[in-house]
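Let's walk through this model together, one question at a time. Have the coordinates open and follow along as we go.

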Amino acid sequence: MASAEKQDGPHTSFRDYLPDLNTPRFQAIAANDAHSHAKELLENHRPPWLYGLYVHWRKLFEEPFKGVTNDGVVRPDLFELRDEGVPIGAIVAAARAVTEQLTPAQAAKTILHVDSPEWRSWSNPEFLLSDKGIRLDEVAAPLRASALALLEATLSPEGYAKAVGAMRINHFLGGLVRAPRIMNEHSYNLVLFGAPAEAAPWGFSFYGHHLCLSVFLYKTQIVVSPWFTGAEPNLIDEGPYEGTRILHEEERLGLELMRSLDAAQQAQARAYADMKDARMPRGRWNRDDQRHLCGAYRDNRVVPYEGVLVSGLAEAQRELVRRILDQYLLYLPARARALRLRDCAAAFGETRFCWIGGAGPADPFYYRIQSPVVLAEFDHHSGVFLANPEPAKFHIHTLLRTPNAGDYGFALRRQIGGAVEQEYVWEG
């Protein structure tokens, strides 16, 4: 196993790639707020490659939701209604503390129908492309505190700490590139779907740069999927939050698993040798998502299985898979996480682990764990705000999907009766 120093070194080198802030791009970013920055993209089509991506996203959004699959066919009966011990009373109370402070105009933008398609309109870039709900850096401090309290009441303590870490790193990045009005600790939107209730389905979306969480709740059951968490850089090296670091366990465990495989298993797991491999078909790498497949608006993507079968690995290696998935399920409260991890382990006979890139301590890489009930991706990226032209270990994207219509709680919603009674009698 590589030493911690060798693995940590590439993370601390991000300052070698600080951008030139005197370029037109960074001067414009420094002068903009979130709304004028979004206008640059939506009205002026700058940058053109990202505008092209946005147009493609909206085409994907027009498709009815189906869910991520491995072959285009949704498998039924994979998810069931159950008691997961979620403290729904405390979560509902926290959500109502938010709604009670909303003005009528804020409420109209923030409380949407539980079946609204806007569940699916989150995105990871710093551009505010879907301006719904409340943006935390634009509301009064008590409302902002209540929104964060809702997040804290819903997630596990470890998951909430991870989310806060992502937000603080976003703030750190905003300071590095002099864009604090676009990227800061509170540059995130909160929108509710359905009225908060202990016995009816509802949920919320919390999204912004490098942190996007989709939360569905029904009684004592929870789905946190899809989610996206990233960091550029993934370590704060100065200031009040110095030492904050995220996504390092997902990285460490993934590399440990790959390096534990024998040569034949590594060859089976490795889909491509290079991060941008000449053998990749058109579209397997792109400028925005690079190698990961199931980010924003990819709700219906077909992702064929690749890699080595987990059930064929040794027990110690399967335990590493469990530990990786435990990190990817960290946002869930403890009992819900244990149940989901059990679901994942039960599907190891259909679970694949695949890899792109090298497996040395300094090598950037991509990996994916995929089964009928979970799809987790990890990817080292080239710079977006930092100037590294090649993937680096200090810029990380991670995401989780629940295939076969599990995202946004769709598979569960289909098992729940209608929220509105069909019978009606005039009582006047």
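Q: Which residues of α7 are buried?
A: This is a predicted model, where local features need pLDDT of at least 70, side-chain atom pairs count only at pLDDT 80 or more, and totals for chains, interfaces and linings use all residues. Residues are numbered from 1 along each chain as its sequence is written, and side-chain values use heavy atoms, with hydrogens and water left out. Buried means under 20% relative accessible area, exposed over 50%, and partly exposed in between (1.4 Å probe, protein chains only); helices are DSSP runs of H or I with at least four residues, strands are runs of E with at least two, and both are numbered from the N terminus. In α7, the buried residues are Leu143, Arg144, Ser146, Ala147, Leu148, Leu150, Leu151 and Thr154.

Q: What distance does α7 reach from its first C-alpha to its last?
A: The expected span of a helix is 1.5 Å times one less than its number of residues. α7 has 14 residues, and 20 Å is expected for it at 1.5 Å a residue. The distance in the model is close to that value, at 20 Å.

Q: At what angle do the axes of α7 and α8 cross?
A: Two packed helices are described by the angle between their axes and the distance between the axes. Here axes are lines fitted to C-alpha atoms, for helices over the stretch in contact, and angles run from 0 to 180 degrees between N-to-C directions. The axes of α7 (residues 141–154) and α8 come within 9 Å, and they cross at roughly 140°.

Q: Which orientation class describes α7 and α8?
A: Angles under 35 degrees count as roughly parallel, over 145 as roughly antiparallel, 65 to 115 as roughly perpendicular and the rest as oblique. The crossing angle of α7 and α8 is roughly 140°. The two helices are therefore oblique.

Q: Which residues of α8 meet α7?
A: Contact means heavy atoms within 4.5 Å. By class, this contact has five nonpolar, no polar and one charged residues, where Ala, Val, Leu, Ile, Met, Phe, Trp, Tyr, Cys and Pro count as nonpolar, Asp, Glu, Lys and Arg as charged, and the others, Gly among them, as polar. From α7 come Leu148, Leu151 and Glu152, and they meet the α8 residues Tyr160, Ala163 and Met167.

Q: Why is α8 described as largely enclosed by the rest of the structure?
A: α8 has 20 residues and reaches 29 Å from first to last C-alpha, close to the 28 Å expected. It is largely enclosed because, of its 20 residues, the number buried is 14.

Q: Which residues have the most contacts inside the largest nonpolar core?
A: A nonpolar core is a set of buried Ala, Val, Leu, Ile, Met, Phe, Trp, Tyr and Cys residues joined through side-chain atoms within 4.5 Å. The largest one has 129 residues, and those with the most contacts inside it are Val177, Leu190, Leu211 and Phe353. The largest share of this core, nine residues, comes from helix α8 (residues 157–176).

Q: Is His210 buried or exposed?
A: His210 is found in the loop between β4 (202–208) and β5 (211–218). Its phi is positive, about 70°, although it is not a glycine. With a relative accessibility of 4%, His210 counts as buried.

Q: What is the relative accessible area of His45?
A: His45 sits in the loop between α3 and α4. It also has a positive phi, of about 60°, although it is not a glycine. His45 is partly exposed, with a relative accessible area of 35%.

Q: Where is Pro226?
A: The peptide bond from Ser225 to Pro226 is cis, with omega near 0°. Pro226 lies in strand β6 (residues 221–231).
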